[in-house]
Structure formats: structure tokens, C-alpha cells
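Trainee: I have a model open and want to learn how to read it. Can we go through it feature by feature?

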Amino acid sequence: MKDRFRLLNDKPQGTGPVIYWMDRDMRSRDNWALLYAQEQAFALKVPLLVIYNILPGFLGGTLRQHVFKIQGLKEVYDDLSAHNIPFHIVSGTHTEKDIVSFVTDVSAGLIVTDFSPLRIQRGWKEYVSKHVSVRCVEVDAHNIVPAWVVSQKSEIGARTLRPKLYKLLDEYLEAIPSLKKHPYNTDHKAPDIDWVVLEHDPHIDKTVSEVSLKGGMSHAQSALKKFITAKLSLYGKDRNDPLCEAQSNLSPYLHYGMISSARVVSEVVEHSGVSISKLIDAQKNKAKIDPKSELTLVDSASAFIEELVVRRELSDNFCLYNPQTYDTVDCFPAWALASLRKEEQSPREYIYTRAQFEKAQTHDDLWNACQKEMVETGKMHGYMRMYWAKKILEWTRSPEDALSIAIYLNDRYELDGRDPNGYAGIAWSIGGVHDRAWFGRPIFGLVRYMARSGCESKFDVKAYIQKFSPEVSLFAKK
DNA sequence: ATCGGCTCGCGCAA
DNA sequence: TGCGCGAAGCCGAT
């Protein structure tokens, strides 16, 4: 097993049970943190317990994210029970303290957790590793190559991360073992959980309604199957057309770790019929391919791997090495921020408040359609996310206002909100992060501009607007 | 429909 | 030191 862990403290290992503190990766299959914890428990011949703390309203999350998460946790609970691994789900407002009291109560000998580059989670982990008396280990169960292994600095863009990642990818894409039925019993049985009560937690913000997409490992797996059999071959050609069903729709599942990106990669590789290194080469040689030539399945698979792996892992790199600034304008490259500052006095044709954006009340029916897609479905098409965020910059007084409005809306309405991908994507759109400088223009400075006319030439804007324009109630009934 | 210019800075070759 | 080129573009000329 390739090393994917690092120590969070230098305390000794105890003799009690091994605890996997599940946080970012809510799955029992293909989870390297859980597998590492079980491997350690086998070596020590001790029980293995899993704990998850539900923090209601985490970073602006609402009912839709909560319900999606509970659906996923239920499946994990059942699967872990079948493997004789008790899953303790607690609900509390001080995650770090709740975890410390749990591990103290069960006299844990070793704590294993999964990795997240986000500030709040890193703070919890620092607190826990300080306040317990035993060893704490962090495993990157989310990225294929652990974020701290692939690079030790904030990368300038995909082009600098890509070669580092590709050098290690093959090695880290080893076959993932199955979870075993755990042979060591514990007195700390999993408590019975009333899922209905949990779902109806009174602390959850119910002003944003549930969506139809269902959470959990099996729904994630069906979304993957559907993508591979019905959409993958179109991905190369149609992925930027919000009317074509060419996207994977996996990002909510990937965000919650309900599916492992390594699993997605291996199934895509298998279906494409060529090796991962061939897919990487196809991407590297993309420029040499005649753009007029028919895009093959291999080209599609290659483009998908680029987005699934390179850009996702770049987002983790971005948050990991800009922990204090990834959601502020201070993470913008100097050339971009300086040019945005110069443009702060240029007149804005439209200025909207956060509430106007939230209610999809701009003059631009294309922008309003993007907003409605997100509010109604919990998911905005990837291409439209760029247009959406860039227009918020265009129609607010300052980059600060734009950034905070975009992050607020993203975290509140997207099922995959509060993810490094969201912060990186918004910083790319508004602040030129991971992008190059472009021809200067009012408001945007050197940050890449996007125009509605560009959308008009790429897809059927009218049809997209139509799809989300019927006057459906945007907000849950009180 | 297609092309070139716009703009900055990193990584690498020389 | 110089050169190539980049996370998804725009615009005007042809």
C-alpha cells in the first residue's frame, strides 16, 4: 500500500481501539483512510470504530445539503455495520470538542482522519491532535496523489501541476483493496439512529428547499455508470454545452466523498480500452490533434481525466497552500489584483445587491437562468459557473463584493458548495487565479472576460433560458 | 468560419 | 537571457 498518510502529532500509539474520524470522505468503499485505519487495527488486534460529527449549517449549508448528506451517511452506516464496524454519528456544534470527548470515552489507541485543505477542518484537526493523548494520523483519501506529496507549494496553474501529478499518477492508482469484516469486537456498539429525526434537525436552515438528486454511494455509482455508457463519448465535444447531457454530474458525490475519484478514473480507463498513460499522452498531445478530426472516445476520456484529476487536485493545492486567503482577494495573482484595483473607479452599467442576485433579478435573462438552475437543482453547469461568477464581478462595486456574493450563493445553493473546487473556480473567474493575463478592459482589468455573445455562438442560449424560465417558485414554502 | 492580436510571468533551454 | 505558452476568450478584420 502506497503511503498516503502523515502524522498530525508525535504522540505514542495506545492500546485501545483505532478510530477513523470520518470528515470529508463519506464512504465505506475505496476509502484509503478507512483502509489504513483497518490495517492498523489488524496489526494491533483491536476494534475499529468510525465517528462522524454532523455540524448543522456548516459554512452556510442548508436543508438540501443536509438531506443529501444524511442519505449518504445511512448507506455508510449499514455497510459498516455489515463489516462489524460501529459507526457513531453525533450531531454537535463544536466538532473538535465532540471528537476529543468521543476518543477519550472509548480510550482510543490511534486516531485516523481524512484530509481536507480547508481552514476550518484543519483547525479542528490541529485542536484534536493537541488535545488527545495518542497518535493522530491524516490520510488523503480524496486526491489520487496526496496533496502534500504532489507539490510543496502553491502552483501557478494547471500547466505546472500537471507534470508533477502525471509523474506519480500511475504509481498511486494501485488497486484498492476491499474493506474486511472486522474480527475484533467492541463494547462501543453503534447507537441506533432515528434517521427521520436526524433529517429533521431543527437547527437546519430550511429556507432553501431539498432537490431531487439523491445522495449516497449507490446513487453515485449509478451516476458513474450512466455517464460512462451514455455520455462519455460525447464529453470531448459537448461538455461546454449546458443543453447537452454530456457532463458526469458526479461533483456533488465527489465533494462529499461518496465516490472515490480513483474509482472513477479506473472505470473510465477500463471503458476507454486504453491505459491511463495513453490517456495522459492524448491530453499532452491535444494541441497536435487536428481540431477538425472526429473526437474519439479516447479524446473524450482524456479530456475528462484532465478535469476530474488535474483540475480537482489543483483546487486542493490552491486551498492547501493559500489557507488564509483562498476565499479573499488576497489569493489573486499580483498582476490581476493590481489591474482590478485600477478599474475600481470605472463606471458599472449595472450594480446589484446580493439579494437581487439571489432572486435572479438582473437585466440578463441568461444570468438569471444560471442562478435559477442552481437554486432549483442544486447544481449549475460547469461552463455556466464561469459566466455566472464573472458577471457578478461586472455588476458589483468591487472584487471583494463580487467574491463574497459568489461564495455565499455557491455555498448556500450548490450541493457541491464549500468545496476547494468552488473556491478555486470562483477565484479563477473573478481574480485570474491559475489563469493568464488577457487584454485589459474596464472593470475586469487583465482578468479574462466572458461575454453573452460568446455563449450565443457556442450554444442555444434561448433554449437554456427557456428551460429554467417557467415561473417556478424559487424558494421553499415556509 | 477563421485568424491574429491582445497581455503577463513561469519554466526551461541555451 | 530569450522564448513558448497557458483552465474553458473577445473582437474586429478578412
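Trainee: How far is a phosphate oxygen of DNA strand B from an N or O atom in the side chain of Lys153?

Mentor: Start with the term. A polar contact is a pair of N or O atoms within 3.5 Å; within protein, one must be able to donate a hydrogen and the other to accept it, and residues adjacent in sequence count only if both atoms are side-chain atoms. Here the Lys153 side chain has an N or O atom 3.1 Å from a phosphate oxygen of DNA strand B.

Trainee: What should I know about the model itself?

Mentor: This is a predicted model: local features need pLDDT of at least 70, side-chain atom pairs count only at pLDDT 80 or more, and totals for chains, interfaces and linings use all residues. Residues are numbered from 1 along each chain as its sequence is written, chains are lettered from A and ligands numbered from 1 in the order in which they are written, and side-chain values use heavy atoms, with hydrogens and water left out.

Trainee: Which residues are around DNA strand B?

Mentor: A residue is near a strand if one of its heavy atoms lies within 4 Å of it. For DNA strand B these are Lys153, Ile156, Arg159, Thr160, Trp335, Arg436, Ala437, Trp438, Phe439 and Leu446. Of the atoms of DNA strand B within 4 Å of the protein, 78% belong to sugar and phosphate.

Trainee: And which residues come nearest to DNA strand C?

Mentor: Arg159, Arg311, Trp438, Arg448 and Ala451, out of 21 residues around DNA strand C. Sugar or phosphate makes up 41% of the DNA strand C atoms within 4 Å of the protein, and bases make up the rest. Phosphate oxygens of DNA strand C lie 3.3 Å from a side-chain N or O atom of Arg162 and 2.7 Å from a polar backbone atom of Ala451. Helices (H or I, at least four residues) and strands (E, at least two) are DSSP runs, numbered from the N terminus. The elements giving two or more residues to the surface near DNA strand C are α6 (158-172), α16 (382-394) and α19 (452-458).

Trainee: Now strand β6. Is β6 enclosed or open to the outside?

Mentor: Buried means under 20% relative accessible area, exposed over 50%, partly exposed in between (1.4 Å probe, protein chains only). Four of the five residues of β6 (residues 135-139) are buried, so β6 is largely enclosed by the rest of the structure.

Trainee: Which way does β5 run relative to β6?

Mentor: Two strands pair if DSSP finds at least two bridges between them. Strand β5 (residues 110-114) runs parallel to β6, with five bridges. Ile111 stands opposite Cys136 in β6. On the β1 side (residues 5-7), the pairing with β6 is antiparallel, over three bridges. Phe5 faces Val139 of β6 there.

Trainee: Last one. Where does His142 lie?

Mentor: In the loop between β6 and α5 (147-150). His142 counts as buried because its relative accessibility is 12%. Its side chain makes a 2.7 Å polar contact with the side chain of Asp25. The His142 side chain also reaches the backbone oxygen of Leu254 at 3.1 Å.
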